[in-house]
Amino acid sequence: MLKRVTVPGLFPPPTYSHASVVEAGTRLAFLAGSVPLDAQGRIVGVGDPVRQAEQVIANLGEQLRAVGSDFAHVLSTDVYVVSREPEVLSAVWAAVEASALSAGPHSSTLIGVACLGYPGQLVEITATAAVPEPEADSGAALKPADPVIP
């Protein structure tokens with residue numbers, strides 16, 4: 001079970017929650033930083049942090065699908081942007097808010113940094129997501145549980 005918390009005594013965040021609480025027993029996925037590379041390893045959006053943010057979010061969606069989750073189950077993100085300029089950070093944040101990543105809402109931190117791992121990389125997003133139980137297919141045979149090995 002997932003609960004998103006906006007603390008009444010704090011300034012209300014515009015599109016995210018202050019905290020996310022996951023009850024024991026929920027599977028979690030801790031995703032490596034999503035980067036603005038295409039399938040061939042080339043930087044997408046050279047010099048354009050907003051375009052890079054869009055690619056990073058698309059790649060993050062692929063990571064989520066690969067572990068059986070989606071944007072609605074993201075609990076927390078860190079958004080790294082190579083810039084000291086508030087306008088650049090705000091433009092990347094606007095791209096995040098306009099994307100499926102704004103589903104939730106989840107807790108998030110926007111961070112201006114000096115550099116990231118790939119030459120020309122301007123944006124990276126790390127995420128933690130809940131992984132929902134797969135929906136049971138009513139027509140499928142149930143698979144027996146794996147044996148417990150002492």
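1. Contact here means heavy atoms within 4.5 Å. On that basis, among contacts in the protein chain between residues at least 6 apart in sequence, 72% join residues at least 24 apart.

2. This is a predicted model, in which local features need pLDDT of at least 70 and side-chain atom pairs count only at pLDDT 80 or more, while totals for chains, interfaces and linings use all residues. Residues are numbered from 1 along each chain as its sequence is written, and side-chain values use heavy atoms, with hydrogens and water left out.

3. The protein chain contains two helices and six strands. Helices (H or I, at least four residues) and strands (E, at least two) are DSSP runs, numbered from the N terminus. In sequence order the pattern is β-β-β-α-β-α-β-β. Taken along the principal axes, the C-alpha atoms of the protein chain fill a box of roughly 55 × 45 × 35 Å.

4. The accessible surface of the protein chain is about 9,100 Å², and 60% of that surface belongs to carbon and sulfur atoms. Accessible areas come from the Shrake-Rupley method with a 1.4 Å probe; for residues, only the protein chains shown count as cover. Of the 150 residues in the protein chain, 33% are buried. Buried means under 20% relative accessible area, exposed over 50%, and partly exposed in between (1.4 Å probe, protein chains only).

5. Helix α1 has 18 residues, which at 1.5 Å a residue should span 26 Å; the end C-alpha atoms are 25 Å apart, in agreement. The expected span of a helix is 1.5 Å times one less than its number of residues. The buried residues of α1 are P49, Q52, A53, Q55, V56, I57, N59, L60, G61 and L64. Their cover includes β3, β4, α2 and β6.

6. Helix α2 (residues 86-97) passes the same kind of check: its 12 residues should span 16 Å at 1.5 Å a residue, and its end C-alpha atoms are 16 Å apart. Buried in α2 are L89, V92, W93, A95 and V96. Because these residues cover an arc of only 155° around the axis, they sit on the same side of α2. The arc is that of the directions from the helix axis to the C-beta atoms. P86 and E87, on the other side of α2, are exposed. The cover over the buried residues of α2 includes α1 (49-66), β4 (74-82), β5 (107-113) and β6 (123-131).

7. A91 also lies in helix α2. A91 is partly exposed, with a relative accessible area of 30%. Between A91 and M1 there are 90 places in sequence and 33 Å in space, C-alpha to C-alpha.

8. The largest nonpolar core has 23 residues, and those with the most contacts inside it are L60, L64, V79, V96, L101 and I125. A nonpolar core is a set of buried Ala, Val, Leu, Ile, Met, Phe, Trp, Tyr and Cys residues joined through side-chain atoms within 4.5 Å. At least two residues of this core come from each of β3 (27-34), α1, β4, α2 and β6. In soluble globular proteins, nonpolar side chains tend to be buried together.

9. What does L101 touch, not counting residues up to four places away in sequence? The partners of L101 are I57, L60, F71, V74, T77, V96, H106 and I125.

10. S107 lies in strand β5 and is buried, with a relative accessible area of 15%. Leaving aside neighbours within four places in sequence, S107 is in contact with S17, H18, A19, S20, L75, S76 and T77.

11. The structure holds three salt bridges. A salt bridge is a side-chain nitrogen of Lys or Arg within 4 Å of a carboxyl oxygen of Asp or Glu. One joins the side chains of D38 and R42 (2.9 Å, N to O). D38 counts as partly exposed because its relative accessibility is 22%.

12. Another salt bridge joins the side chains of R51 and E54 (3.8 Å, N to O). R51 and E54 both lie in helix α1, three residues apart, about one turn of the helix. R51 is partly exposed at 31% relative accessibility, and E54 is partly exposed with a relative accessible area of 42%.

13. R65 forms a salt bridge with E62, with the closest N and O atoms 2.7 Å apart. R65 and E62 also both lie in helix α1, three residues apart, about one turn of the helix. An α-helix has 3.6 residues a turn, so residues three or four places apart point the same way.
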